[in-house]
Every structure is written in C-alpha cells, then in structure tokens.
Amino acid sequence: MRTRLAGALLAVLALTTATACGGATAAAPGTAAASASAATADRVEPLSPAPTPRLPVTVDSADGKRVTVEKADRIVPLSGSLSEIVFTLGLGDRVVARDITATFRQAEKLPVVTRGHDVSAEGVLALRPDLVIAETSSGPQEAIKQIRAAGVPVLVVDPAQGLDDVGTRIGTVAEALGVPTAGERLTERSEQRIAAVRKGVPDADEPPRVAFLYLRGSASVYLIGGKGSGATSLIEAAGGVDAGAASGLTKDFTAITSEALVKAAPDAILVMTKGLDSVGGIDGLVKIPGVAQTPAGMDRRIVSVEDGVLLNYGPRTDQVLKSVVAQLYPDGAA
C-alpha cells in the first residue's frame with residue numbers, strides 16, 4: 001500500500017499488517033470495474049532497453065545525509081512504491097528483496113524483508129545489498145541505523161503527496177542508481193499517460209464528492225481521510241472533490257463518526273481493496289455507522305483499488321487513475 005499513510009494512521013499499521021498487506025486481492029463483489037482494479041496490481045512495464053548504471057554517484061538523502069552509491073548490483077527497496085520504480089526503470093533483475101506491499105508479479109518471488117514499516121536489519125544485511133532505498137516512514141530507525149553502520153548506503157526518499165510527485169520520486173531513484181536519462185524517459189512516459197487519462201474524465205455539472213476511507217475491520221480501524229491523506233490529488237484528477245478535506249477535516253486521518261460522514265456527504269467512497277474485504281465488502285461497509293446515510297452509501301457507489309498501488313504516485317498511477325475514473329463514472333457520465 002501507499003507509504004503516505006501518516007500521522008494517526010501509522011500508529012495502527014503495526015497492528016494491521018497481517019490484513020493490510022499481502023498478495024493482490026480481487027475487488028469485492030459489486031464493485032464496478034473490478035478487473036481494472038486488479039490489473040493495476042498485476043505487473044509493471046519496464047523500460048526497454050534496460051539502462052546501464054553509471055556509477056559511482058553521490059546524492060542527497062531526504063534525511064539530510066549525503067549518500068555515495070558505488071555499485072547497484074544488489075538493490076533492496078523498502079516499500080512497494082520504490083520497488084515499482086526500480087523495476088519500471090528496467091533494473092528489476094538487480095532487486096534482491098522486497099517489502100510485502102510490492103504486489104506486482106515480477107517481484108512476488110523475492111524474499112520479504114519488511115512488513116509495513118517493520119524492517120528486518122538482519123534480513124536486509126544477509127542479502128549483501130549494495131544499496132538500500134527507504135521511505136521517510138521506513139523503520140524502525142534502529143534498523144536503518146544498523147544497516148548504515150554495516151557500511152551499506154541507504155537512500156531515504158521523500159513521500160509522495162500527489163500527482164506532482166510522480167516525476168520527482170522517479171528522478172530521485174534514477175539518479176541514485178546512475179540512470180538519470182532513464183528516469184527522464186520514465187517520467188515523460190508516466191506524465192503523458194496520466195495526462196491522457198485526465199483528458200477522458202467525463203464532464204460533470206457538479207463534481208462528485210469522494211471520501212477516502214481507510215478500513216481494517218479485523219482491528220476495528222475506521223478512518224476518513226482529510227487534508228494531507230494523500231488522496232486529494234487523485235480524487236481531483238478524477239474530476240471529484242475530496243469530501244473529507246472539503247468538509248474541514250484538517251488531520252491526515254480522523255476516526256469515522258456519523259457526524260463526520262454526514263458533514264462530508266460523499267457521493268462516492270474510495271477504499272483500498274483489502275480494507276473493503278476486511279469489513280465484509282460493500283454489505284459490511286454500509287453497516288459502519290453513518291455510511292448508509294450518505295449519498296454514497298444509499299447508492300452503494302464504492303470505488304475500490306488494490307492497496308499496493310492506490311496512492312503510490314509512481315509509474316502505474318495512470319492505471320490507478322483510469323480504474324478510479326471507470327468506477328466513478330461507470331456509464332461514462334457523472
């Protein structure tokens with residue numbers, strides 16, 4: 001899943017790893033465009049021909065360090081989003097481990113060394129990496145320090161906030177791997193594909209209000225996204241309004257209440273596929289207090305996208321956006 005789930009949400013991720021992460025899961029029955037949702041989790045499309053890294057390079061890390069990368073034969077990305085970038089740059093054959101959120105097919109046989117912000121320093125070091133690429137949310141920090149203390153370069157990358165960060169993150173990773181030109185090619189390809197999807201978004205007399213809900217039923221975690229959740233950019237690109245942010249929710253995530261949902265008044269609800277599964281699908285979702293009373297709940301207008309790609313803002317964001325648009329406007333009109 002997207003590593004942008006911050007603030008209050010990070011506190012619950014450790015409790016929900018078993019249900020939050022794992023292999024790709026089909027969208028719940030009754031969800032429109034389920035095949036489009038599942039497809040985003042399936043494969044990445046590497047650049048061809050694959051670039052050859054020109055190393056060494058020294059780059060700035062988001063945690064204030066200067067990192068020198070001398071080799072990139074054995075790479076360990078500590079999030080699914082970062083794995084996606086490395087593979088799509090054409091360097092997937094150099095990746096020797098993955099985070100459990102790297103759900104695309106090319107990575108599925110790699111050993112798992114981190115599960116939802118629970119990095120195993122011993123597991124990483126046992127693979128003799130030349131470079132570890134982490135998110136600012138990767139941790140615990142003791143594990144990151146242990147990896148660095150062993151002499152392994154660790155590049156920390158800023159989290160994605162929205163569509164504008166797609167090229168920035170690709171460029172950061174590409175520069176560290178010694179393939180800046182490939183990064184430019186991938187950025188151009190990604191941005192062109194996103195732009196093409198945006199052109200096909202149906203015109204709406206009134207933009208649909210879309211609430212992003214983070215759900216983990218097994219841990220009784222029910223949150224609504226507000227300003228800073230990371231969903232706003234995607235919702236707006238699909239022609240909608242972020243209902244949580246528009247209703248005045250200033251925190252990244254707030255516990256769902258009937259009052260909050262009534263105020264947000266969403267016409268549609270955006271969820272991660274496993275989150276929807278964890279509450280029993282759409283039938284279970286509308287039983288959460290307040291959901292059935294919203295326009296989205298009454299119309300059962302639910303948009304579901306696979307956890308590992310929904311808010312990555314990376315090379316497959318055009319596929320995510322296409323899936324959201326297809327589900328939000330199943331008849332091609334708002």
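Helix 5 (141-149) gives the most to the lining of the largest pocket, with four residues. Helices here are DSSP runs of H or I with at least four residues, strands are E runs of at least two, and both are numbered from the N terminus. Strand 6 (131-135) also gives two or more residues to that lining.

Before I go on, a word on the model: it is predicted, local features need pLDDT of at least 70, side-chain atom pairs count only at pLDDT 80 or more, and totals for chains, interfaces and linings use all residues. Residues are numbered from 1 along each chain as its sequence is written, and side-chain values use heavy atoms, with hydrogens and water left out.

Back to the lining: among its residues are Ala134, Glu135, Gln141, Ile144, Lys145 and Arg148.

Now the backbone, friends. Most residues other than glycine have a negative phi, and most peptide bonds are trans. Gly139 to Pro140 is cis, with omega near 5 degrees, and Pro140 sits in the loop between strand 6 and helix 5. Ser48 and Pro49 are also joined by a cis bond, with omega about 0 degrees.

Last, Tyr313 has a positive phi of about 50 degrees. Is Tyr313 buried or exposed? Buried, at 1% relative accessible area, where buried means under 20% (1.4 Å probe, protein chains only).

Technical notes
1 Å grid on protein atoms, 1.4 Å probe; cavity = no way out; pocket = protein on both sides within 12 Å on 5 of 7 lines; lining within 4 Å. Buried < 20%, exposed > 50% of the residue type's maximum accessible area, 1.4 Å probe, protein only.
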